[in-house]
Amino acid sequence: MTNIWEQFKSLFAILSNNYASPELNPRKFRMNRPVLVRRHWVNNDPVATAFFNSLSISFPHAEVFMIDSLKPWRDKVNEQMRKEINAFVQQELNHSREHLAFNRGMIDAGYEFKSVEKDIINLVKKLNLRDDLFRLQMTMCMEHLTAIISAEILSDERHLAGAEMHLRKMWLWHATEEIEHKAVAYNVWLEVTKDWSALRRWANRTLFFTLISYRFLSNRLSAQIHLLQQDGYSKISAFFAMMYYGLKKGGLLRRCARPWATFYRVNFHPWSVDDRHLIAAGDSQFTMIVDINDVLGKFIVQRKESPRKDDIAA
Ligand SMILES: [Fe+2]
Ligand SMILES: [Fe+2]
């Protein structure tokens, strides 16, 4: 009975477009020491490290793509959505900046991933040739993937157990903001496609989501194999090690399977799974980690920044 009532409330909310995002709060965060002290910074485990590293390689490019895919809609939506897009842009810009620094740390730790990056850059170039709605739909689907992975990272501390503190802090910060802004692209898409039939909306988003999920999994897996080969794994052993890591009992991918499938529900909305408590949990975990470099950072290391284009329109 409760389940039927929850389904009804969810259907009512989606029909009335009543799923507001929580207030978006771009947090001030900057690693003072963007280095990997240990090459296998997650619990001395090359496989777990490859999982997180492969995500990080894709972030600076994917996040700039997502920023660019939302910006054209700023002048076509209401004031509230415009504010949310601006906050989304600010959050993703910050993530992109920190992951760029993290990726430089990977290079310093001896990893090479030029070919992986080149594939991502080429893919983004191709996607940028598509129209605004196509790119918005891509972003909406990618945001569901990042949101469910983030929710899992925040829900189960085993995924980052034994990780270097300053890096764990960075991933918790990123995951928290991914939950917070998970519905921004979806709400813009709902607004833009409000004249579509329910069937057309469902068919469109689920088709996109299926293709994107496949590309995401296969591209990240090949990046993980590429990284593990530099740790002495053969292609085949790297493949099976990653499969085991993701799909074992309690494995991150296995635990994400059910939240992943919620996207296929007719009445899906990112906030139909209400995990706002994870924002508070992420914030408290994130602020509790005091890295000595946060205190002494300005005296020890001043980060050198590469110039980056300002993506926030005045
Ligand atoms: Fe992000
Ligand atoms: Fe995001």
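Tutor: A helix here is a DSSP run of H or I with at least four residues, a strand is a run of E with at least two, and both are numbered from the N terminus. P259 has its place in one such run, helix α10. Residues are numbered from 1 along each chain as its sequence is written, while chains are lettered from A and ligands numbered from 1 in the order in which they are written.

Student: What makes up the secondary structure of the chain?

Tutor: The chain has 12 helices and zero strands.

Student: Why is P259 called partly exposed?

Tutor: A residue is buried with 20 or more other C-beta atoms within 10 Å of its own, exposed with 12 or fewer, and partly exposed in between, the C-beta atoms being placed from the backbone. P259 has 17 other C-beta atoms within 10 Å, so it is partly exposed.

Student: Which residues does P259 touch, not counting those up to four places away in sequence?

Tutor: P259 touches I148, A151 and V273, where contact means C-beta atoms, placed from the backbone, within 7 Å.

Tutor: L253 is found in helix α10 (residues 252–261). It has 18 C-beta neighbours inside 10 Å and therefore counts as partly exposed.

Student: Why is N44 placed in its exposure class?

Tutor: N44 has 12 C-beta neighbours inside 10 Å, so it counts as exposed. N44 lies in the loop between α1 and α2, and it has a positive phi of about 55° although it is not a glycine.

Student: What makes N43 partly exposed?

Tutor: N43 has 16 other C-beta atoms within 10 Å, and is therefore partly exposed.

Student: Why are α2 and α9 called roughly perpendicular?

Tutor: The axes of helix α2 (residues 46–70) and helix α9 (residues 235–247) come within 10 Å and cross at roughly 80°. Axes are lines fitted to C-alpha atoms, for helices over the stretch in contact, and angles run from 0 to 180 degrees between N-to-C directions. Angles under 35 degrees count as roughly parallel, over 145 as roughly antiparallel, 65 to 115 as roughly perpendicular and the rest as oblique. The two helices are therefore roughly perpendicular to each other.

Student: Which residues meet where α2 and α9 are in contact?

Tutor: V47, A48 and F51 in α2 meet A241, M242 and Y245 in α9. By class, this contact has six nonpolar, no polar and no charged residues; Ala, Val, Leu, Ile, Met, Phe, Trp, Tyr, Cys and Pro count as nonpolar, Asp, Glu, Lys and Arg as charged, and the others, Gly among them, as polar.

Student: How many residues are in the largest nonpolar core?

Tutor: That core has 65 residues, and L228 is among those that touch the most other members. Not counting residues up to four places away in sequence, L228 touches P46, V47, A50, Y233, A238 and A241.

Student: What is the average pLDDT of the chain?

Tutor: The chain averages 88, and 86% of the residues score at least 70. Over residues 297–314 the pLDDT is below 50. Where pLDDT is low, the predicted coordinates should not be read in detail.

Conventions: Predicted model: local features only at pLDDT ≥ 70, side-chain atom pairs only at ≥ 80, totals over all residues. Contact = placed C-beta atoms within 7 Å. Core = buried A, V, L, I, M, F, W, Y, C linked by C-beta atoms within 7 Å. pLDDT = per-residue confidence, 0-100.
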